[in-house]
Amino acid sequence: MEQWLTRQPPASKPAELELMEPGRPVFLSESARCTQCHRWGARKPLAGPDAAVILRGRPRPEAIKALMYPSAHFDRAYVSTVFKLKNGQEFTGISGPRQGAMEPITGEGGVLRVVPSADIASRRLSGRSLMPDLATSVFNRNEAKALVSLVERGILALAMPVVV
């Protein structure tokens with residue numbers, strides 16, 4: 001799919017909403033789960049960077065690879081951590097700012113857990129992004145193309161009203 005996406009023409013200008021608009025429902029869909037970790041104009045800590053700017057200005061092939069294989073092309077500020085609790089339970093997530101003796105951890109799918117810091121036995125960096133690879137996701141080619149067109153414009157189309 002990566003080669004096919006690379007061969008697709010980029011959106012020529014921000015006003016070319018026919019290419020960006022199909023990506024909007026993909027990004028906002030519950031099946032894609034993008035909004036569980038990404039927001040545009042983020043106002044609160046998330047497990048992923050602000051989607052409004054994450055890929056803006058990157059060359060198209062680089063943006064496609066970042067979506068196809070996020071763990072190979074992600075901002076290291078969003079590296080996930082494997083947490084092992086004293087009870088033996090283990091999970092992966094991104095730690096937010098501590099709130100007293102509690103530690104908020106956003107895991108896969110945007111699931112937030114708040115764990116007492118004293119219950120964490122160990123933590124180690126996973127070296128991976130929480131975002132699943134687009135290459136192995138449930139997206140079909142048209143959805144993947146629409147999502148690439150959307151993010152390469154800095155997700156400008158998300159701020160616009162939905163055309164029905």
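At 12% relative accessibility, C37 counts as buried, where buried denotes under 20% relative accessible area, exposed over 50%, and partly exposed the range in between (1.4 Å probe, protein chains only). C34, at 14% relative accessibility, is likewise assigned to the buried class. The model is predicted: local features need pLDDT of at least 70, side-chain atom pairs count only at pLDDT 80 or more, and totals for chains, interfaces and linings use all residues. Residues are numbered from 1 along each chain as its sequence is written, and side-chain values use heavy atoms, with hydrogens and water left out.

The search for disulfides, defined as pairs of cysteine sulfur atoms within 2.5 Å, returned 0 for the whole structure. For C34, the closest cysteine sulfur is that of C37, at 9.1 Å, which is too far for a bond.

An open sheet of 5 strands was identified, with the order β4-β3-β2-β1-β5 and antiparallel pairing. Its edge strands are β4 and β5 (120-125), each of which pairs on one side only. Neighbouring strands of this sheet are turned by 45° against each other on average, direction ignored; the axes are lines fitted to C-alpha atoms, for helices over the stretch in contact, and angles run from 0 to 180 degrees between N-to-C directions. Strands (E, at least two residues) and helices (H or I, at least four) are DSSP runs numbered from the N terminus, and two strands are taken to pair if DSSP finds at least two bridges between them.

Strand β3 (residues 102-107) is mostly covered, with 5 of its 6 residues buried. Its antiparallel pairing with strand β2 (residues 90-95) extends over 3 bridges, and T106 of β3 stands opposite I94. The hairpin of β2 and β3 has 6 residues between the strands, and G100 adopts a positive phi near 70° there. Towards strand β4 (residues 112-116), β3 pairs in the antiparallel sense over 5 bridges, with P104 opposite V114. In the hairpin of β3 and β4, 4 residues lie between the strands and G109 has a positive phi near 75°. Elsewhere in the sheet, strand β1 (residues 81-85) and β5 form an antiparallel pair over 5 bridges, in which S122 of β5 is the bridge partner of K84.

The structure holds 2 salt bridges, a salt bridge being a side-chain nitrogen of Lys or Arg within 4 Å of a carboxyl oxygen of Asp or Glu. E103 is buried, at 1% relative accessibility. The side chain of E103 meets that of R98 at 3.1 Å, N to O, and R98 is exposed, with a relative accessible area of 52%. E103 also forms a salt bridge with R123, the closest N and O atoms being 2.7 Å apart. Because E103 lies in strand β3 and R123 in strand β5, this pair ties together parts that are 20 residues apart in sequence. R123 is partly exposed, at a relative accessible area of 38%.

A nonpolar surface patch of about 250 Å² is made by M102, L112 and V114. Patches comprise residues with over 30% relative accessible area and no salt bridge, like charges being joined within 9 Å and nonpolar side chains (Val, Leu, Ile, Met, Phe, Trp, Tyr) within 5 Å. L112, found in strand β4, counts as exposed at 54% relative accessibility. Accessible areas come from the Shrake-Rupley method with a 1.4 Å probe; for residues, only the protein chains shown count as cover.
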